[in-house]
Amino acid sequence: MLSWRVLLLATGKARYADLIERALYNIVASMSSPDGRAFRYAKTLHRRSPGDAAEPQEQSKRADSSQRASWFDVACYPSSIARRLGPIDTYPAPSDADGLQLHQFANANFAAEIGSSAVAGTEPSTVAITVQTQYSKPGDVKVTDSPAEPWTLSVRVSDWAEGATVSVSGHVQPVEPGYAKITQVFKPGTVTLVQLPLIPRVLSADSRIDAIRGYVAVQQGPRVYFLESFNLPADRHVDGCVMDPGTAPVLDGRRLLLQCRLSHGERAACP
């Protein structure tokens, strides 16, 4: 809510759309069980033991919050997720007098009236786009524009998309993180293709956050991954797995590998 209502709409900075994306993909989408009957109170980025499944007919304590439960002694989450999902269709593509901004990517059709406040006494123009994407798989976003007067299409390029490119009708150009802004008369069927490389990278929290000081996570595209003790063999523990944050993760098929040093000195690839 802060990133959307206060920061992004007020400043237009892409970093706040990035924060919304991270929350939607890694918190909101995973908090509820597939059937919607259980939820997490909180989601940690490290877990040393699997924990016991909650009894579906009993109220759970927040201390057991790493497991989904049907109800907690303080249950803020059901109402919070309802508030998030209710207006979710407003997040991807708001507009202003100059054009339309594509903040979030999903298969959808968007239309907006623009220009009414740009020139006094003129009628607004209707612009429309169709977005096609498999985001976050290959990282390509295809935008098909409808005819209109000259207007500006602004497409967010996340700070994780190093080497991103945007092409309009086959003309390719590199773009930096922020917004790729294209201003022109879009002919019927004009295709804008945004290519966002999904290069994995290591993330670390601010050292002033005591609970996760010294921990790292891996981000690939909008998704954040982390290593937990109960994912490891029985004789290994996440506290004995040390890695150099400067070592780049390696993508091996569908697995992300990190080069780690175990507590007894052995080096191993941690999936």
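This is a predicted model: local features need pLDDT of at least 70, side-chain atom pairs count only at pLDDT 80 or more; totals for chains, interfaces and linings use all residues.
**The Arg208 pair**
- Arg208 counts as exposed, because its relative accessibility is 70%.

**The network around Arg156**
- Elsewhere, salt bridges with shared partners link Asp18, Glu21 and Arg156 into one network.
- Arg156 meets Asp18 side chain to side chain, at 2.6 Å from N to O.
- Arg156 sits in strand 5 (residues 151-157) and Asp18 in helix 2, so this pair ties together parts that are 138 residues apart in sequence.
- Arg156 also forms a salt bridge with Glu21, and there the closest N and O atoms are 2.7 Å apart.
- Glu21 lies in helix 2 too, so its pairing with Arg156 of strand 5 bridges parts 135 residues apart in sequence.
- As for burial, Arg156 counts as buried because its relative accessibility is 1%, and Asp18 counts as buried at 12%.
- Glu21 is buried as well, like Arg156.

**How helix 3 sits**
- Helix 3 covers residues 77-85, and its buried residues are Tyr77, Ile81 and Arg84.
- Looking down the axis of helix 3, these buried residues fall within an arc of 55°, so they line one face of the helix.
- What they pack against is helix 2 (14-31).

Note on methods. Residues are numbered from 1 along each chain as its sequence is written. Side-chain values use heavy atoms; hydrogens and water are left out. Buried means under 20% relative accessible area, exposed over 50%, partly exposed in between (1.4 Å probe, protein chains only). Helices (H or I, at least four residues) and strands (E, at least two) are DSSP runs, numbered from the N terminus. The arc is that of the directions from the helix axis to the C-beta atoms. Contact means heavy atoms within 4.5 Å. A salt bridge is a side-chain nitrogen of Lys or Arg within 4 Å of a carboxyl oxygen of Asp or Glu.
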